[in-house]
Amino acid sequence: MSKRPNLTIEAPRLAVRLDRQFPHGASSLTHSASRLTSHASRLTDKGFTLIEIIVILAVISILVAILTPTVLKFIDDAQRSSAANSVQVIAAALNDLIKDTGKFPGSKTSKNFLCSKNGDFATDSTSTWAPDNTVCSNLFDHLIINDPDGNGTPDESVTDYRTSGKRRYRGPYLSSIDEDPFGNVFQVNVSTLIGGDKNPTWVISAGPDGDFQTAVTDKELSGDDIGIRLK
Ligand SMILES: [Ca+2]
Ligand SMILES: [Ca+2]
């Protein structure tokens, strides 16, 4: 059986505790209410800031979703434009080399292709391009230094382009040759310049997809390949 509280004794005790809690009566209660309101206001402020952040993040996400395709297309266009410019520059330099020396680069090397020094070898759906350096003479050795035999000794009178006479090597024809903008080597099917070969001679990049769709014997470009014909 529970013990009932003695109200006669508890009432004065409660009065004493209230006096201790609110010693200034109504003014103290008003002050306490004000503090509660302030605290609530701060909480509201924090909640509003959070909402603002969420809204900003949502706006940023929408902008990224809208702008990303545009930016990617801009980058792709810039890379394709760079590759198109590079094949033209390499082709012009090869024409200058041929005009100066009176020699086709293919006649100065036993390899069927010229390839830029840096970069990976693109995959090749046509199976007609150089798969690796074993069949590539370095464009660097023709257009930047006079060492088409690639033995590391430029300007050799017999194996390299002539260095004297009216028809002689007047390079360098370029300051540098990098890989294409997609990380692969530029290729030139240079053997087609000699021996009355009827096939076209391409200076070519495999393009953004890193795969050749244009065969060595094709007269027109295919896929996203980027190239220019020397003949
Ligand atoms: Ca040499
Ligand atoms: Ca391609």
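Two strands count as paired if DSSP finds at least two bridges between them. Helices (H or I, at least four residues) and strands (E, at least two) are DSSP runs, numbered from the N terminus. The model on screen is predicted: local features need pLDDT of at least 70, side-chain atom pairs count only at pLDDT 80 or more, and totals for chains, interfaces and linings use all residues. Residues are numbered from 1 along each chain as its sequence is written, and chains are lettered from A and ligands numbered from 1 in the order in which they are written.

**Whole chain.** Start with the protein chain, which has 3 helices and 7 strands. Along the sequence they follow the pattern α-α-β-β-β-α-β-β-β-β.

**The sheet.** Next, select the open sheet of 5 strands, ordered β3-β1-β4-β5-β7 with mixed pairing. At its edges are β3 (136-138) and β7 (226-229), each of which pairs on one side only.

**Strand β5 and its partners.** Select residues 187-188 (β4) and 202-205 (β5): these strands run antiparallel and are joined by 2 bridges. Gln187 stands opposite Ile204, and Val188 stands opposite Val203.

Are the faces of β5 covered or uncovered? Both are covered: Trp202 and Ile204 on one side, and Val203 and Ser205 on the other, are all buried. A residue is buried if 20 or more other C-beta atoms lie within 10 Å of its own, exposed if 12 or fewer, and partly exposed in between, with C-beta atoms placed from the backbone. Of the 231 residues of the protein chain, 26% count as buried.

**The core.** A nonpolar core is a set of buried Ala, Val, Leu, Ile, Met, Phe, Trp, Tyr and Cys residues joined through C-beta atoms within 7 Å. The largest one has 29 residues, and those touching the most other members are Val87, Ile90, Phe113, Leu114, Cys115, Phe186 and Val203. Two or more residues each come from α2 (26-101), β1 (113-115), α3 (139-143) and β5. The largest share, 6 residues, comes from α2.

**Val203.** Finish by selecting Val203. Which residues does Val203 contact, leaving aside its neighbours within four places in sequence? They are Val87, Ile90, Ala91, Phe186, Val188, Gly227, Ile228 and Leu230. Contact means that the C-beta atoms, placed from the backbone, lie within 7 Å.

Notes: Two residues are in contact if their C-beta atoms, placed from the backbone, lie within 7 Å.
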